[in-house]
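Student: I would like a close look at one part of this model. Please take the salt bridges and what surrounds them.

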Amino acid sequence: MEQPNYEIEQLQTEITQTDLALKSLIQNIYCSTGSAEDLDALNAEGRTKLNFLRSLIDKLESIGSEKQNAEIQIAASNHREQYYSTYRMFRKANVVRLLAIEKMEKEELYQTSGDAIIRNRKKKDKANLVKMSSGITEQLLSISRHLADTSKLSADTLDTLVNSSTTVSGTRTELMDTRTALSQSGKLLAKYSRRQLTDKFILFLGFALFFFCVLYIVKKRVF
């Protein structure tokens with residue numbers, strides 16, 4: 001009689017230990033932060049333990065039926081109720097973890113999409129910046145060319161002004177020379193006019209003297 005009782009006690013101990021191992025596994029599922037593949041591995045281990053626990057309970061229930069031992073049958077029934085409770089806990093843990101993984105994957109997807117959008121936006125902004133920079137560079141080159149043309153035009157204008165200034169200076173010099181020449185000519189004309197007047201006066205005096213001499217000679221001969 002001791003051997004069967006020992007077997008039953010050993011069987012119930014295994015049932016209790018397996019149930020505790022399942023509860024520990026369920027806790028690991030709740031605390032898991034891994035991927036769906038990690039959850040599949042925990043599920044495979046959990047299903048193995050559940051099948052083993054059910055087989056132990058079936059064996060205990062079979063012994064109770066064979067022996068028609070109400071105490072063993074009640075113990076087997078209690079263990080089966082505990083098995084169903086553990087199984088429900090196992091399924092609930094899986095559902096909770098699956099929802100968490102799905103949420104995490106959605107967030108990663110949104111984040112990836114957001115990162116892709118940000119990267120695309122950065123690429124677009126970079127392209128716009130490059131385009132804007134090219135436009136600014138073209139504008140600067142155009143302004144530089146315009147300034148170069150303006151500088152050349154200013155240089156040409158300055159040369160023209162210098163040439164004009166030189167021409168004006170030359171014209172002024174010529175005018176000054178002309179003025180000097182005119183002034184000298186005026187002086188010469190004035191001098192010539194005075195000399196002409198003197199010559200006329202001398203001629204008049206000579207003519208008067210000649211006339212006086214003629215009158216004197218005629219008078220001497222007549223009288």
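Student: Is aspartate 19 buried or exposed, and what is its relative accessible area?

Tutor: This is a predicted model. Aspartate 19 has a relative accessible area of 9%. The cut-off for buried is under 20%, so aspartate 19 counts as buried. Aspartate 19 forms a salt bridge with lysine 23. The closest N and O atoms of this pair are 2.6 Å apart. Both residues sit in helix 1 (residues 2–31). They are 4 residues apart, about one turn of the helix. Lysine 23 is partly exposed, at 26%.

The count of salt bridges comes to 4. Among them is the pair of aspartate 58 and arginine 80, with closest N and O atoms 2.4 Å apart. This pair links distant parts of the chain: aspartate 58 belongs to helix 2, arginine 80 to helix 3, and 22 residues separate them. Arginine 80 is buried, with a relative accessible area of 15%. Aspartate 58 is partly exposed, at 35%.

Arginine 80 also forms a salt bridge with glutamate 61, at 3.0 Å between the closest N and O atoms. Glutamate 61 lies in helix 2 and arginine 80 in helix 3, so this pair ties together parts that are 19 residues apart in sequence. Glutamate 61 is partly exposed, at 33%. Shared partners join Asp58, Glu61 and Arg80 into one network.

Of its 223 residues, 15% count as buried.

Definitions and conventions: Residues are numbered from 1 along each chain as its sequence is written. This is a predicted model: local features need pLDDT of at least 70, side-chain atom pairs count only at pLDDT 80 or more; totals for chains, interfaces and linings use all residues. Side-chain values use heavy atoms; hydrogens and water are left out. Buried means under 20% relative accessible area, exposed over 50%, partly exposed in between (1.4 Å probe, protein chains only). A salt bridge is a side-chain nitrogen of Lys or Arg within 4 Å of a carboxyl oxygen of Asp or Glu. Helices (H or I, at least four residues) and strands (E, at least two) are DSSP runs, numbered from the N terminus.
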